[in-house]
Amino acid sequence: MRGEGCNIQDPASASTNDQRLTTNDLRPTTNDLRPLLHLLLHLAIPLLVARLCYPGRWRFAAFVMLATMIVDADHLLARPIYDPARCSIGFHPLHTTAPIIFYGILAVVPLIVGQRTVGTRHRRTVDVLHLVGVGLLIHMALDAIDCVI
Ligand SMILES: [Zn+2]
């Protein structure tokens with residue numbers, strides 16, 4: 001009989017029971033990098049949109065759109081504040097349907113009324129409101145993509 005009377009262990013079963021960490025355990029996985037990628041997209045996409053859609057004033061456009069990341073302040077109301085497995089859309093108050101519709105209105109209405117403000121002191125305000133709306137829509141779109149992938 002195999003192993004009878006002594007503590008000889010099958011080498012294959014010994015290695016499966018080994019609980020030591022290997023270098024593979026310490027390498028970041030796709031799931032570990034996902035929050036970092038999400039954050040990088042929140043920076044890169046507004047910059048890209050600013051460069052492509054507002055070439056004459058891309059720095060200002062990028063600044064306003066990046067500033068809309070403050071919308072994530074509503075995460076402070078949740079416990080835990082950050083949960084990588086949680087979908088922000090529909091969970092956090094400023095990431096729900098009614099505010100998202102408002103962000104769409106903010107993006108579009110200044111384009112309509114903006115023609116009438118050319119040359120007036122309201123022009124800059126209308127521009128900022130439009131960019132805030134666009135920045136928030138980009139933010140919501142990126143958060144929504146993060147929910148489905
Ligand atoms: Zn968000």
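This is a predicted model: local features need pLDDT of at least 70, side-chain atom pairs count only at pLDDT 80 or more; totals for chains, interfaces and linings use all residues.
The protein chain holds six helices and zero strands. From the N terminus on, its elements run α-α-α-α-α-α. Of its 149 residues, 18% count as buried. Contacts across the sequence were also examined. Among contacts with a separation of 6 or more, 58% join residues 24 or more positions apart.

Helix α6 covers residues 123-148. Its 26 residues should span 38 Å at 1.5 Å a residue, and its end C-alpha atoms are 38 Å apart, so the two values agree. Its buried residues include V126, H130, L131 and G133. V134, G135, L136 and I138 are buried as well. H139, M140 and D143 complete the set. In general, an α-helix has 3.6 residues a turn, so residues three or four places apart point the same way.

Helix α5 covers residues 97-113. The same check applies here. Its 17 residues should span 24 Å at 1.5 Å a residue, and its end C-alpha atoms are 24 Å apart, which agrees. Y103, L106 and P110 are buried in α5. The cover over the buried residues of α5 includes α6.

The largest nonpolar core has eight residues in all. A50, A61, A62, V64 and M65 belong to it, together with L131, V134 and I138. Helices α4 (58-67) and α6 each supply at least two residues of this core. The largest share, four residues, comes from α4. A second, separate core has six residues, including V71, L106, L136 and M140. Of these, L106 is a buried residue of α5, while L136 and M140 are buried residues of α6.

A50 is a member of the largest nonpolar core. Leaving aside neighbours within four places in sequence, A50 is in contact with W58, A61, A62 and M65.

The packing of α4 and α6 was then described. Two packed helices are described by the angle between their axes and the distance between the axes. For α4 and α6 the angle is about 55 degrees, and the axes are 8 Å apart. The two helices are therefore oblique to each other. The crossing of α4 past α6 is right-handed. On the α4 side, A61, V64 and M65 form the meeting residues. On the α6 side they meet V128, L131, V132, V134, G135 and I138.

Notes. Residues are numbered from 1 along each chain as its sequence is written. A residue is buried if 20 or more other C-beta atoms lie within 10 Å of its own, exposed if 12 or fewer, and partly exposed in between; C-beta atoms are placed from the backbone. Two residues are in contact if their C-beta atoms, placed from the backbone, lie within 7 Å. The expected span of a helix is 1.5 Å times one less than its number of residues. A nonpolar core is a set of buried Ala, Val, Leu, Ile, Met, Phe, Trp, Tyr and Cys residues joined through C-beta atoms within 7 Å. Axes are lines fitted to C-alpha atoms, for helices over the stretch in contact, and angles run from 0 to 180 degrees between N-to-C directions. Angles under 35 degrees count as roughly parallel, over 145 as roughly antiparallel, 65 to 115 as roughly perpendicular and the rest as oblique. A crossing is left-handed if the near helix is turned anticlockwise from the far one by less than a right angle, and right-handed if clockwise.
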